[in-house]
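Work through the exercises below with the sequence and model open. Try each task before reading its solution.

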Amino acid sequence: MNHQLLIHLRSVEGALVRTIGLVERRGYAPERVSAVPVGSHTTMLRLTVNAQRPIEKLIHQLRKLYDVQHVEITT
Amino acid sequence: MSPNTARRLVAPSSGAQVVLDALKAEGVDVLFGYPGGAILPVYDALHSSDLRHILCRHEQGAALAADGYARATGRVGVCMATSGPGATNLVTGLANAMLDSIPMVALTGQVPTQVLGTDAFQEVDTMGLTMPVVKHNFLVREATDLPWVMAEAFRIARSGRPGPVLVDLPKDVQLANVRVQQPKPHTNPEPTRLVTDIHPSIQLLKMSKRPVIYAGGGVGMADAVDVFRKFVETTGIPTVTTLKGLGLLPPNHPLNLGMLGMHGLEQANKAVQASDLLIVLGARFDDRVTGKLSGFAPHARVLHVEIDPSEVGKVRAADVSIVGDLGPALETLCHQLERPLQIADWREKCKRLQAEHTWDYEPPHEKVYAPRFLKMLSAAQGPHGVIACDVGQHQMWVAQHCGIHRPENHLSSGGLGTMGYGLPAAIGAQLGRPKASVINVSGDGSFMMNVQELATLKRYNLPVKIVVLDNSCLGMVRQWQELFLEKRYSETDLSDNPDFSKVAEAFGIASSRLWRRDQEAESINWLLNTEGPALLHVAVDPQANVWPFVPPGHDNSTMMTGESK
């Protein structure tokens with residue numbers, strides 16, 4: 001099942017790789033990725049993931065990342 | 001600039017000096033490491049610093065020593081290495097700390113920022129390499145960022161669910177001459193107050209007829225041992241612990257059923273399987289604890305108290321959860337409950353289970369019987385000593401048969417299962433608690449994984465006592481091969497081991513051998529009363545297995561008990 005996530009990241013080195021890497025390590029498949037800067041300190045990451053596992057578990061893991069400021073499921 | 005810095009401006013100093021000043025501001029008194037080219041400026045600054053640096057003989061040893069220090073003291077462990085192989089050698093130690101939630105800060109040298117990404121000498125992408133095994137990591141490109149990065153590294157390492165944080169320091173950043181604001185001295189955070197509605201938990205507890213407390217390493221790490229004991233006493237609920245939870249109750253406490261799981265005690269697993277409510281405190285339903293998940297505590301509802309929200313429902317759904325600091329949560333529960341639950345029949349049943357499964361320490365042979373020997377060793381050491389062990393059969397025998405009185409007295413690699421953990425962890429513990437008796441119980445396989453740290457022991461003359469339980473094989477793997485792989489002993493024979501006594505002697509460490517059980521008391525006496533470091537080489541039965549044993553794929557009601565127990 002596919003889910004779309006909207007994630008706000010600090011615009012710092014490693015934040016994007018760290019976030020996408022976590023998604024894969026936790027057993028979810030990123031299918032679409034787009035990232036754009038919003039202002040000078042934040043990156044907005046839109047992520048479509050294919051999930052065999054409950055998406056809420058991934059949300060909990062993402063919220064623990066230091067660089068992640070905000071996560072929401074958009075669909 | 002981060003808000004985590006003070007307003008005091010100081011004279012210009014090097015980035016390396018700023019790093020050391022930050023360590024001192026965080027209250028660091030000892031760090032473990034190994035120098036090299038890319039971390040040279042920090043080592044140069046260290047030369048005129050009063051920080052105590054312990055030179056380990058391998059970066060993995062340094063990382064595991066920092067881990068042992070952190071577990072034994074409750075403080076943040078610090079380790080340091082150079083770029084490239086120095087950093088890659090830290091990785092196992094970082095993963096070890098990550099899986100067991102140990103607060104650590106690792107500092108690594110890095111090639112200068114101008115040549116990052118050019119495959120420079122001893123360049124490796126430390127940040128990318130360590131991402132999956134740290135709570136967070138930083139690559140510092142500007143020396144002016146050092147004060148807030150260092151302060152954040154320590155804050156992240158110790159906050160919430162603790163873990164390791166790595167700070168990668170390019171050489172030019174260490175050398176830069178900067179005028180920076182010094183970080184504020186570390187202060188302990190204000191204790192948090194519980195904001196969750198406690199009533200659903202109270203209701204669940206009061207409804208239960210057969211509750212069991214299943215407590216893990218999180219209780220000790222939350223500094224909540226005293227309030228945990230108060231909770232057990234107040235409610236009178238029978239208690240099991242994980243490997244990392246050993247010592248939360250004294251070993252002879254009437255409500256302590258011991259460790260649960262794959263090599264858990266029968267009374268612990270049977271109580272959990274029969275329970276109607278599991279009160280899960282600072283634990284995470286690890287697969288070595290649950291066995292086949294669908295059959296774990298099949299009749300129990302779950303009350304999960306946990307600081308990390310991602311652990312609630314990760315493996316087993318909770319009927320009620322409290323996400324927050326364990327100390328205030330248990331205090332509130334105690335306050336609301338006030339008196340023991342009305343579960344006299346259940347308590348009586350658990351007592352009977354304990355009585356039915358007392359251990360027979362007198363097997364019919366003259367060889368050293370590891371469970372009996374370890375029980376004697378632990379009794380001779382006393383309740384305040386620290387035991388650091390490695391991984392394998394001896395690790396489970398330590399967990400089952402040594403009397404652990406506080407969680408910080410039992411250092412064991414739980415999540416990662418790192419062979420070679422014990423000796424460096426014991427070194428870290430001894431440095432953190434110089435007056436404590438510290439014993440490393442190892443196996444012949446594990447001991448060889450970080451044997452070079454004998455040189456560290458000798459260099460600092462640390463009075464760590466080492467026991468090598470030698471069965472001339474990789475015992476735990478051999479056990480699986482015997483039981484599940486038709487005795488095809490693929491690459492587990494270690495009968496060509498070196499003479500461990502002579503190895504110790506070569507490092508200038510006193511040693512002795514124990515071959516027969518009638519020499520046990522004398523050998524333990526020799527070991528514990530020898531001044532400085534000492535090693536006791538103990539020959540144990542190569543055929544001995546660890547019992548009970550829940551075979552893989554089964555639930556905890558299936559416990560193989562062997563013939564020798």
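A salt bridge is a side-chain nitrogen of Lys or Arg within 4 Å of a carboxyl oxygen of Asp or Glu. By that criterion the structure holds 26 salt bridges over all chains. This is a predicted model: local features need pLDDT of at least 70, side-chain atom pairs count only at pLDDT 80 or more, and totals for chains, interfaces and linings use all residues. Residues are numbered from 1 along each chain as its sequence is written, chains are lettered from A and ligands numbered from 1 in the order in which they are written, and side-chain values use heavy atoms, with hydrogens and water left out.

**Exercise 1.** Locate the salt bridge between R71(B) and D67(B), and state whether the two residues are buried or exposed.

Solution. Start with the distance: N to O is 2.6 Å. Next, place the residues. Both sit in helix α3 (residues 59–73) of chain B, four residues apart, about one turn of the helix. Helices here are DSSP runs of H or I with at least four residues, strands are runs of E with at least two, and both are numbered from the N terminus. Last, check burial. R71(B) and D67(B) are both buried, where buried means under 20% relative accessible area, exposed over 50%, and partly exposed in between (1.4 Å probe, protein chains only).

**Exercise 2.** Which helices does the salt bridge between R372(B) and E520(B) link?

Solution. The side chains meet at 2.9 Å, N to O. R372(B) lies in helix α15 (residues 370–381) of chain B and E520(B) in helix α22 (residues 520–529) of chain B, so the pair links distant parts of the chain, 148 residues apart. Both residues are buried.

**Exercise 3.** Describe the side-chain pattern of strand β16 (residues 320–323) of chain B.

Solution. In a regular strand the side chains alternate between the two faces of the sheet. Here V320(B) and I322(B) point to one face and are buried. Now find the neighbour: four bridges join β16(B) to the parallel strand β15 (residues 301–306) of chain B. Strands pair if DSSP finds at least two bridges between them. V323(B) is the bridge partner of E306(B).
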